[in-house]
Amino acid sequence: MTYEELIRIALEEAHRAAQLGEIPVGAVVALNGKILARAHNFREATSDPSAHAEIVALREAGERLGTWRLEGTTVAVTLEPCAMCAGALVNARVRTLVYGCPDPNAGAALSLYNIVQDPRLNHELEVVSGVLARECAAILEQFFEVRRGSPETRHDD
């Protein structure tokens with residue numbers, strides 16, 4: 001599968017999250033061109049602060065493989081991972097991280113930090129950023145516009 005195909009699947013998950021009122025982030029874990037896991041944010045539904053799309057997908061992939069070592073895998077996510085998720089990717093020994101749009105507020109795979117390529121850690125990932133970035137950013141922008149109330153629907157009187 002191409003990186004674009006993986007991000008498109010992650011975008012499907014992000015749309016599912018938005019329908020549930022979750023921040024629309026989706027993630028996919030693949031190995032040798034086959035999907036091991038796909039997930040979206042579940043923080044609101046589970047009241048679990050760690051239920052980010054990446055963490056949920058890593059857990060599912062680990063269960064499917066029967067190991068926490070996800071060596072050789074590619075993780076595709078619609079939004080640049082935060083510090084928690086970046087740390088989990090390193091600890092899981094993921095080979096490649098592919099993400100759509102950067103997260104200038106919390107990104108830990110190039111924007112604010114670069115945890116996934118920090119040479120002081122025991123593992124470094126290959127990083128491919130900007131895959132379908134506009135589409136990935138658009139779903140987040142639309143979600144937050146609706147959540148905050150767009151100028152057309154906001155009533156400030």
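Predicted model: local features only at pLDDT ≥ 70, side-chain atom pairs only at ≥ 80, totals over all residues.
**View 1. Packing of helix α1 against helix α5.** Helix α1, covering residues 3–19, and helix α5, covering residues 133–148, pack with their axes 10 Å apart and at an angle of about 5°. Because angles under 35 degrees count as roughly parallel, α1 is described as roughly parallel to α5. On the α1 side the contact is made by Ile7, Arg8, Leu11, Ala14, His15 and Ala18, while α5 contributes Glu135, Cys136, Ile139 and Phe143. By class, the residues of this contact between α1 and α5 comprise seven nonpolar, one polar and two charged.

**View 2. The largest pocket and its lining.** The largest pocket holds about 470 Å³ of space, and 20 residues line it, of which Ile23, Val25, Leu79, Asp103 and Leu140 are the closest to its centre. Helix α5 gives the most to this lining, with four residues. Taken by class, the lining of the largest pocket divides into twelve nonpolar, three polar and five charged residues.

**View 3. The hairpin of strands β1 and β2.** Strand β1, residues 26–31, runs antiparallel to strand β2, residues 34–40, and the two strands are joined by six bridges. Within this pairing, alanine 30 has isoleucine 35 of β2 as its bridge partner. The two strands, β1 and β2, form a hairpin with two residues between them, and in the turn asparagine 32 has a positive phi of about 50°.

Note on methods
Residues numbered from 1 in each chain as written. Heavy atoms only, no water. Axes fitted to C-alpha atoms, helices over the stretch in contact; angles between N-to-C directions. Parallel < 35°, antiparallel > 145°, perpendicular 65-115°, else oblique. Contact = heavy atoms within 4.5 Å. Nonpolar A, V, L, I, M, F, W, Y, C, P; charged D, E, K, R; others polar. 1 Å grid on protein atoms, 1.4 Å probe; cavity = no way out; pocket = protein on both sides within 12 Å on 5 of 7 lines; lining within 4 Å. Points joined across faces, edges and corners; volume = space filled by probe spheres on them. Pairing = 2+ DSSP bridges.
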